[in-house]
Amino acid sequence: MQLEVGNILEGKVTGITKFGAFVELPGGKTGMVHISEVASTYVKEIKDFVKENEVVKVKILSIGPDGKIGLSIKQAQPQPAPQPGGGRKPSGPRPPRSGGGRGWVGQRPQAQPQTFEDMLTRFKQASDEKMSDLRRGNEPRRTSRRGGNR
C-alpha cells in the first residue's frame with residue numbers, strides 16, 4: 001500500500017515513550033504519533049490513552065525525506081458536527097472593562113471576536129487605554145518651589 005500524507009489507516013502500537021507512541025503501519029513501516037497528536041485534550045501520560053499492541057486509527061501528517069512518518073490519532077477521529085449558527089453569540093456593544101484596562105486580574109476572558117474588524121476595534125480600545133495610563137504616569141509632578149516659612 002502506498003503511504004501518502006492525509007491518508008487515514010489502522011496500525012498497531014508497538015512502543016510508547018514519554019514523548020509519543022510508535023505505530024506499525026500496513027506494509028511494515030513504522031511512524032510516530034507525537035504526544036500532542038494523541039488526543040484533543042491535554043495528555044500528561046500517553047499510557048492513559050493508548051496501550052502497546054492496541055490497534056488505532058492514525059492520519060499521516062508528514063513523510064520526511066529520511067523516511068520518518070509523522071502520525072496523528074486525534075486528526076483521524078471524526079470531528080464533531082458544527083452547531084447551527086456557528087455556535088457564536090451575536091456581536092453587539094459590550095460594557096467597558098472594569099479595572100481601568102490594567103490587566104486581566106480577576107476578569108474572565110471574553111468570547112472570541114467574530115470578525116477582524118471586531119478584533120481591531122478591541123485592540124485599538126485597549127491600546128488607547130494603556131497609552132492614556134502611561135501618559136498619566138509619565139507627566140511631571142507639579143510641585144511648588146516656594147518655601148513654606150518665608
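Analyst: Some ground rules before we start. This is a predicted model, where local features need pLDDT of at least 70, side-chain atom pairs count only at pLDDT 80 or more, and totals for chains, interfaces and linings use all residues. Residues are numbered from 1 along each chain as its sequence is written, and side-chain values use heavy atoms, with hydrogens and water left out.

User: Why is Phe 116 called exposed?

Analyst: Exposed means over 50% relative accessible area, buried means under 20%, and partly exposed lies in between (1.4 Å probe, protein chains only). Phe 116 has a relative accessible area of 55%, so Phe 116 counts as exposed. Phe 116 is found in helix 1, residues 116-138.

User: What makes the nonpolar surface patch?

Analyst: Phe 116, Met 119, Leu 120 and Phe 123 make a patch of about 470 Å². The rule asks for residues with over 30% relative accessible area and no salt bridge, with nonpolar side chains (Val, Leu, Ile, Met, Phe, Trp, Tyr) joined within 5 Å and like charges within 9 Å. A salt bridge here is a side-chain nitrogen of Lys or Arg within 4 Å of a carboxyl oxygen of Asp or Glu. Areas come from the Shrake-Rupley method with a 1.4 Å probe, and for residues only the protein chains shown count as cover.

User: What is the order of the elements from the N terminus on?

Analyst: They run β-β-β-β-β-α. Helices (H or I, at least four residues) and strands (E, at least two) are DSSP runs, numbered from the N terminus.

User: How do you know that strand 1 and strand 4 pair?

Analyst: Pairing takes at least two DSSP bridges between two strands. Strand 1 (residues 8-16) and strand 4 (residues 55-63) have five and run antiparallel, so they pair. In that arrangement, Glu 10 stands opposite Lys 57.

User: What joins strand 4 to strand 5?

Analyst: Four bridges do, and these strands run antiparallel too. Ile 63 has Ile 69 as its bridge partner. The two strands form a hairpin with five residues between them, and Gly 67 in the turn has a positive phi of about 90 degrees.

User: What makes a nonpolar core, and which residues touch the most other members of the largest one?

Analyst: A core is a set of buried Ala, Val, Leu, Ile, Met, Phe, Trp, Tyr and Cys residues joined through side-chain atoms within 4.5 Å. The largest has 20 residues, and Val 23, Leu 25, Val 50, Val 58 and Leu 71 touch the most other members. Strand 1, strand 2 (20-24), strand 4 and strand 5 each supply at least two residues of this core.
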